Amino acid sequence: MDLTLYFFPGACSRVTMTALEATGVTYRDRLVNVRTDEQKTPDYRRVNPKGKVPALAIDGRIMTENAAILVFLDRQFPQAGLLPHSTDPVTDIAPLTDLLWCSSTLHPAMRQIRAPDKYTAGDPADVMADGMRKFAVECTLIAEGVDGRWWYGDRWSIIDVYLFWLCNVAGKGGFPLSDYPAIVDHAARVRRLAPLQRALERERAGAKRLALTGIQY
């Protein structure tokens, strides 16, 4: 299988890259410079018409949306244990539910905190305040779910990495993560995961190639 990941350091493509690293599969990476709006160029829109990262080229075919890519990688490389599975059909679908929660609820609220100006032509302060309120509600659930454990219990999953990325970026936008000690402890554990460490090194290499500075890891 020929794989190429389109990514930007620090973006949600970090979750996808961590998943690829966990599988051990060989893949290429292609940095899309969102600082220069490369994702909006005709060349990249031919790759991903949505103009976003991540995108994953699979034998020349393109897959988009983090949740879909992560489910695909879990199915193709079950030995990596990216997501848990169960013979009970309701329990088995829970990881997909959580992936969609991350992408459709947590991610937009985080973006309101981190980049409120992109949501309004007026004063972004109200947008940020709304994002703070929304994210706080979700962080209560996250803190309960990771208190002294991984999201699914004894073993980490890619959901842990997704939650870590979301909370980390929200924190950089001013969200008071220190109010949630369980999330802070969980983040420290996630940071030590070998697949994430390899992904961060790959991001750093990509940033160095384009002389990008100010990337937060």
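Analyst: Let's begin with a strand pair: β3 and β4 run antiparallel and are joined by four bridges. Strands here are DSSP runs of E with at least two residues, helices are runs of H or I with at least four, and both are numbered from the N terminus. Two strands pair if DSSP finds at least two bridges between them.

User: What kind of model is it, and how are residues numbered?
Analyst: It's a predicted model, where local features need pLDDT of at least 70 and side-chain atom pairs count only at pLDDT 80 or more, while totals for chains, interfaces and linings use all residues. Residues are numbered from 1 along each chain as its sequence is written, and side-chain values use heavy atoms, with hydrogens and water left out.

User: OK, back to β3 and β4. How many residues sit between them in the hairpin?
Analyst: Two residues lie between them, and D59 in that turn has a positive phi of about 50°. I58 has R61 in β4 as its bridge partner.

User: And what's the strand order in the sheet?
Analyst: β2-β1-β3-β4, in an open sheet of four strands with mixed pairing. β2 (28-31) and β4 (61-64) are the edge strands with a single partner each, so one side of each has no neighbour in the sheet. From one strand to the next, the twist averages 25°. Axes are lines fitted to C-alpha atoms (for helices, over the stretch in contact), and angles run from 0 to 180 degrees between N-to-C directions.

User: Which way do β1 and β3 pair?
Analyst: Antiparallel, over four bridges, with β1 at residues 3-7 and β3 at residues 55-58. T4 stands opposite A57, and L5 has L56 as its bridge partner.

User: Which strands does helix α1 touch?
Analyst: Helix α1 (residues 13-23) packs on the sheet and touches β1, β2 and β3, its direction making about 155° with that of β1. Helix α3 (residues 66-76) packs on the sheet too, touching β3 and β4, at about 115° to the direction of β4. Contact means heavy atoms within 4.5 Å.

User: Switching topic: at what angle do α5 and α6 pack?
Analyst: About 140°, with the axes of α5 (residues 94-114) and α6 (residues 124-146) 7 Å apart. They are therefore oblique to each other; angles under 35 degrees count as roughly parallel, over 145 as roughly antiparallel, 65 to 115 as roughly perpendicular and the rest as oblique.

User: Which residues meet there?
Analyst: Among them are W101, L106 and M110 in α5, and V127, M132 and F135 in α6.

User: Where's the cis peptide bond?
Analyst: It joins V53 and P54, with omega about 5°. P54 lies in the loop between α2 (42-47) and β3.

User: What's the phi of E65?
Analyst: It's positive, about 75°, although E65 is not a glycine. E65 is in the loop between β4 and α3 and is partly exposed, at 34% relative accessible area. Most residues other than glycine have a negative phi, and most peptide bonds are trans.

Note on methods:
Buried < 20%, exposed > 50% of the residue type's maximum accessible area, 1.4 Å probe, protein only.
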